[in-house]
Amino acid sequence: MLKRGFTTLAIIKKNPLNQAIWGIDLGGTKVEGVILESITSGVPIVRTRVDTEASQGYDHVVGQIARLISEMERQSGLKPRAIGIGTPGVLDPTLHTLKNSNTTVLNGKPVQKDLEDRLQIPVVLANDANCFALAEAHWGAPKQKVPAARMVFGIIMGTGVGGGIVMDGKIWNGRHGIAGEWGHNFLDESGGPCYCGKTGCVETIISGPSTERYYAGLTGDHIKLKEIVTRYAEGSDPAATKTIDRLCHFFGKGVSVITNMLDPDVIVVGGGVGNIDALYSKGLEALGQFIFNNGVEVPLLKPSLGDSAGVFGAAALVAE
Ligand SMILES: [Zn+2]
C-alpha cells in the first residue's frame, strides 16, 4: 500500500545489482525522486513524488525530501549510498548555499549540508541546467545521435539562461562551480541591467521574458513568446519577425563563445525558448557567422528526455 501524499509513477520489483543511483528533483511545487537501476541502463526502479509544501518553510521542505527518500527505500527495499539533488538556482561556490532559487525558502540555506546531516549519506547538489546536460548526455538526444561525444554542452533557455558542461559523462564544475554559466556572459549592452548586477548578459537578451520585453518595446503590446513565435511563423507581424530574427542573431552570437572556448562535440538546447525551430535554422546560420571556423559542424539538438531530465540527471550526479 502506498502512503498518503506520495504520487508513485513507477515501481518495478526486481532484485537489482547494487548499482542503483538515487536522484531527487527539488522543485517549487513537487519533489520527485527516482532510483535508476544503473548509470548504464538508466531504467527506473522506483519513481515517486511528494508536494514540496514550500509555504511551510525550509525545515519542512528538508523533511519532505527525507520522507520521500524513506518512501523510496520502503518501495524498493534498497538503501541509497548517496543522493543526487537537482534544483533551480545557483549554488554559491564559496558559501555552499543556494541562491536565485524560485523556491525562495531555499535561498541562503546550506541545503546540501543540512541534508547530509539528516540523511547521514553524501549528498551532491547541482543546478537544473547541469542535471539537464548530464541526463541528456547519458540517455538523451546527444547519446542517441552523437554516441562518441566526449563533451556535451547543455543549454537551458527559458525564464533564465543556463548551461552545463558534461565531459566524459561527468559534470565539469570548474574552480568556482560556475562552469557553463554562459547566461551571464556579456552579450550586448541593449540587454540592459541583469539581476546579477551586470548589464547586457546573454540572459537579458535571449531569455523568454527578455524576448517578450523586446517585442513589447517595439509595439507596446505585452504578448507571450508563444504568440510571438506563431506570428513569426505566419509572417503576419513585422515586429514578431524582427523579434525572432534578433533572438536568432544573438543566440548564434552567444553560442559562438561557447563554441570558440570549448568546441563541444554536441550542443543540446532545452527550455521553452530552446524549442523555437528558427534557432536551428537562422540561429545556426548566425552561429556560423560568429565562430572562428568556416561553417558549423557541431550538431545542435533538441532534447529527448522532456521533464524526466531533471530527476534522471540528479541520479547521474552520484554515479561512481
Ligand atoms: Zn547577469
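Among contacts in the chain between residues at least 6 apart in sequence, what percentage join residues at least 24 apart? The share is 62%, where a contact means heavy atoms within 4.5 Å.

## Basis of the model

This is a predicted model, in which local features need pLDDT of at least 70 and side-chain atom pairs count only at pLDDT 80 or more, while totals for chains, interfaces and linings use all residues. Residues are numbered from 1 along each chain as its sequence is written, and side-chain values use heavy atoms, with hydrogens and water left out.

## Overall fold

The chain has 10 helices and 13 strands, counted as DSSP runs (H or I of at least four residues for helices, E of at least two for strands, numbered from the N terminus). Its radius of gyration is 20 Å, close to the 20 Å from the globule rule for 320 residues, so the chain is as compact as a globular protein of that length; the radius is taken over C-alpha atoms, and the rule is 2.2 Å times the number of residues to the power 0.38.

## The zinc site

The zinc ion is coordinated at 2.0 to 2.3 Å by His184 (ND1), Cys194 (SG), Cys196 (SG) and Cys201 (SG), donors being N, O and S atoms within 2.8 Å of the metal (3.2 Å for Na, K and Ca), with water not among the atoms, so sites may look incomplete. Along the chain, the donors follow the spacing H-x9-C-x1-C-x4-C, and both Cys194 and Cys201 are buried.

The angles among the four donor atoms are 105 to 116°, and the site is tetrahedral, a term that for four donors requires all angles to lie between 85 and 135 degrees.

Conventions
Four donors count as tetrahedral if all angles lie between 85 and 135 degrees; four count as square planar and six as octahedral if opposite donors are over 155 degrees apart and all others between 65 and 115; anything else is irregular. Buried means under 20% relative accessible area, exposed over 50%, partly exposed in between (1.4 Å probe, protein chains only).
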